[in-house]
Amino acid sequence: MSRINTGINTGVAHNARVWNHWLGGKDNYAVDREVGDHITGLYPSIGEVARADRAFLGRVVRHLAGEAGVRQFLDIGTGLPTADNTHEVAQRVAPDSHVVYVDNDPNVLTHARALLTSAPGGATDYIDADAHDPDAILHAAARTLDLGRPVAILLLGILNFVLDTERAQRTVDRLLAGVPSGSHLVLTHPTLELGGEGNAEAMRFWNENATPPITARSGAEIARFAAGLELLPPGLVSCTRWRPDPTPDGSLTEPPQVAQYALVARKP
Ligand SMILES: C[S@@+](CC[C@H](N)C(=O)[O-])C[C@H]1O[C@@H](n2cnc3c(N)ncnc32)[C@H](O)[C@@H]1O
């Protein structure tokens, strides 16, 4: 195992870096590529899942900053910077958007500079914090966000790293309690219910060889995270099927599912 002085462990595959590898990025190490490629061998659609999750992020942030008029975003489990980060998507629609990123991976922290550019009139911030500690997140987010005004809380591919479902529910509930009516909850979460051959075996391999450990959840468990909120149509679906963009020829065909649920819900 080798360590460099940022606390970055280059001897064990890390989720943020392996996700970056699946997305075609270069901010990863040999161990991440090795584990990531082994998982692709077990679970060939994992690359599609990663790309579909990012494409969903683009569509939902465009919707929230546009039609829904949201101007504040709290993106927890940000991942390494890539094309079309949340603030870039939001500020293309509404340059005055404020975006706070949160991740607990030291690799993401060292790349956070790329997330801290902002359109004039908007603002971005980065918080090095753990999703298990929603109070610390809300406290630090208040530097940049007005928590008296609606906030979109993005939890994309992150609650699956909060292994205890009650703990994950408490995280969501506490975050939602800290923001007003008109705020939104946006989730994506891996599942074993939507196909994805080899997914269960790939997760077992991940948990034996990489960090942090992951869990899948059922649609019913994921829907419960949004209990008491108004679910936006089309409800809980594969992230590919949440308001897909028209195809280049203008037709609206239903894309294939991937094994990643998505939902968007509004706090009444
Ligand atoms: C699968 S990636 C998703 C990245 C991005 N949200 C997306 O949808 O493309 C999950 C991210 O969550 C971060 N993460 C995992 N556990 C975390 C925790 N307990 N607290 C904060 N971030 C965490 C990882 O470091 C990684 O960057």
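Visitor: With which handedness does α2 pass α8?

Guide: This is a predicted model, where local features need pLDDT of at least 70, side-chain atom pairs count only at pLDDT 80 or more, and totals for chains, interfaces and linings use all residues. Residues are numbered from 1 along each chain as its sequence is written. A crossing is left-handed if the near helix is turned anticlockwise from the far one by less than a right angle, and right-handed if clockwise. For α2 and α8, the crossing is right-handed.

Visitor: Which residues of α2 and α8 make the contact?

Guide: Contact here requires C-beta atoms, placed from the backbone, within 7 Å. From α8 come Glu201, Ala202, Phe205, Trp206 and Asn209; from α2 come Val35, His38, Ile39 and Leu42.

Visitor: Why is α1 largely enclosed by the rest of the structure?

Guide: A residue is buried if 20 or more other C-beta atoms lie within 10 Å of its own, exposed if 12 or fewer, and partly exposed in between, with C-beta atoms placed from the backbone. Asn15 and Trp22 are among the buried residues of α1. Helix α1 is largely enclosed because the buried residues number eight of the eight.

Visitor: What do the buried residues of α1 pack against?

Guide: The partners are helices and strands. Helices (H or I, at least four residues) and strands (E, at least two) are DSSP runs, numbered from the N terminus. The buried residues of α1 pack against β1, α2, α3, β3, α5 and β7.

Definitions and conventions: Two residues are in contact if their C-beta atoms, placed from the backbone, lie within 7 Å.
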